[in-house]
Structures are given as structure tokens and as C-alpha cells.
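Please read the points below with the model open beside you, and look up each residue as it is named.

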Amino acid sequence: MRLTEKEKSEIEYYLQGMHRTKEAELMKRCVQHGTISTYDHVLRVVRFSFYLNRRFHLKASDAEVVRGAFLHDFYLYDWHQNAYIGRLHGLHHPAIALQNAMERYTLTRTERNIIESHMWPLTFFTVPKCREAFIVCIADKICSSYETILRRKS
């Protein structure tokens with residue numbers, strides 16, 4: 001996946017500095033998959049979602065795709081360090097991420113749907129209801145699979 005310099009600049013613009021906050025710094029210290037931090041994971045999902053939207057002419061809102069993708073795992077804890085949360089993390093973290101994001105940012109309905117539905121179909125009743133949410137859901141599955149496979153090889 002290759003993004004142009006212009007596309008990278010657009011992503012930077014849409015993030016509006018949310019990738020440079022104290023919460024983003026915390027995400028850099030939390031493990032997502034293997035040795036991949038939550039921060040690196042969400043940036044991969046941001047780039048891949050943006051790429052899919054552009055290259056396949058899906059006509060989703062670039063701004064909402066980027067912001068929703070960055071915030072989709074905005075749960076702000078290392079789920080590997082708490083056995084109870086770790087067991088149920090996949091089911092509960094979208095709601096936690098949404099709550100955290102809503103406390104810090106003004107979100108559109110689309111961005112809220114992206115965050116709450118990104119684990120579908122595991123979270124059976126929180127379905128992607130817009131193309132932006134579906135794009136991020138698919139990008140997250142692909143990126144997570146890639147990161148998990150890389151972890152097993154190392």
C-alpha cells in the first residue's frame with residue numbers, strides 16, 4: 001500500500017493533532033498485537049482505510065474515515081495487563097473507546113458508528129451502518145490479522 005505525499009498530508013490534516021496528544025502517547029506504550037503498539041495499529045488502520053476508500057472509489061468521507069479509524073481503539077489501557085479485561089476485551093473495548101472519544105472530541109454520528117461497530121461480527125448487535133464504518137471494520141480485520149501473523153513469526 002502506497003500513499004502519495006499529498007495523501008499523507010491530507011491524513012495529517014484530518015487527524016487535527018489528535019495523534020499528538022497525551023492519550024496518543026499512552027497508546028504508544030500499550031501493546032495491541034504482539035509487539036505492535038495500539039498507536040501503531042490505529043495508524044495502520046487509518047492509512048489502510050484511507051487507501052481503500054481512495055483506490056476503490058468508495059466515496060466515503062475521508063475525514064470521518066481517518067478520525068474514526070484513529071479513535072476505533074481509543075480505550076487507553078493495556079488489555080494484556082488485566083486478566084479480566086483481557087478475556088472480554090474484544091467484546092467491551094469498542095464501548096470504552098467510544099466513551100473515551102466522546103469525552104474528548106465532538107464526534108459525528110458516522111464516527112461514533114465506526115468506533116462502536118469496528119469489532120463486528122464479534123459484537124453482533126453493533127453493525128456498521130455506513131460505508132465509513134464498514135471500510136474501517138474491514139481494514140481493522142486485515143491489519144489485525146497481519147500484525148498477529150507477524151507476531152507469530154518473530
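**Notes on the predicted model**

1. Asp62 is a buried residue, with a relative accessible area of 13%, where buried means under 20% relative accessible area, exposed means over 50%, and partly exposed lies in between (1.4 Å probe, protein chains only). Asp62 forms a salt bridge with Arg54, and their closest N and O atoms are 2.7 Å apart; a salt bridge here is a side-chain nitrogen of Lys or Arg within 4 Å of a carboxyl oxygen of Asp or Glu. Arg54 itself, at 25% relative accessibility, counts as partly exposed.

2. Before going further, please keep the basis of these values in mind. The model is a predicted one, in which local features need pLDDT of at least 70 and side-chain atom pairs count only at pLDDT 80 or more, while totals for chains, interfaces and linings use all residues. Residues are numbered from 1 along each chain as its sequence is written, and side-chain values use heavy atoms, with hydrogens and water left out.

3. Which other residue forms a salt bridge with Arg54, with the closest N and O atoms 3.9 Å apart? That partner is Glu7, which is buried, with a relative accessible area of 7%. Because Glu7 lies in helix α1 and Arg54 in helix α3, the pair ties together parts that are 47 residues apart in sequence; helices (H or I, at least four residues) and strands (E, at least two) are DSSP runs, numbered from the N terminus.

4. A further salt bridge joins Glu10 to Lys6, with 3.8 Å between the closest N and O atoms. These two residues are 4 residues apart in helix α1, so they are separated by about one helical turn. Glu10 counts as buried at 15% relative accessibility, whereas Lys6 is exposed, with a relative accessible area of 60%. Taken together, Lys6, Glu7, Glu10, Arg54, Arg55 and Asp62 are linked in a network of salt bridges, and the structure holds 12 salt bridges.

5. After α1 comes Gln16, whose phi is positive, near 50 degrees.

6. Which residues touch the most other members of the largest nonpolar core? They are Phe70, Leu71 and Phe74, in a core of 36 residues, a nonpolar core being a set of buried Ala, Val, Leu, Ile, Met, Phe, Trp, Tyr and Cys residues joined through side-chain atoms within 4.5 Å. The elements that give two or more residues to this core are α1 (5–15), α2 (22–29), α3 (38–55), α4 (62–71), α5 (83–104), α6 (109–117) and α7 (131–153). The largest share, 8 residues, comes from α3. Not counting residues up to four places away in sequence, Leu71 touches Met18, Ala97, Ala101, Tyr105, Leu107 and Ile115.

7. Ile36 is found in strand β2 (residues 36–37) and is buried, with a relative accessible area of 13%. If neighbours within four places in sequence are left aside, Ile36 is in contact with Cys30, Val31, His41, Arg44 and Glu147. Ile36 and Thr148 are 112 residues apart in sequence, and their C-alpha atoms are 9.0 Å apart in space.

8. Finally, please look at helix α7, where Phe134 is found. Phe134 counts as partly exposed, at 46% relative accessibility, and together with Ile138 and Ile142 it makes a nonpolar surface patch of about 250 Å². Patches are made of residues with over 30% relative accessible area and no salt bridge, with like charges joined within 9 Å and nonpolar side chains (Val, Leu, Ile, Met, Phe, Trp, Tyr) within 5 Å, and accessible areas come from the Shrake-Rupley method with a 1.4 Å probe, where for residues only the protein chains shown count as cover.

Notes: Contact means heavy atoms within 4.5 Å.
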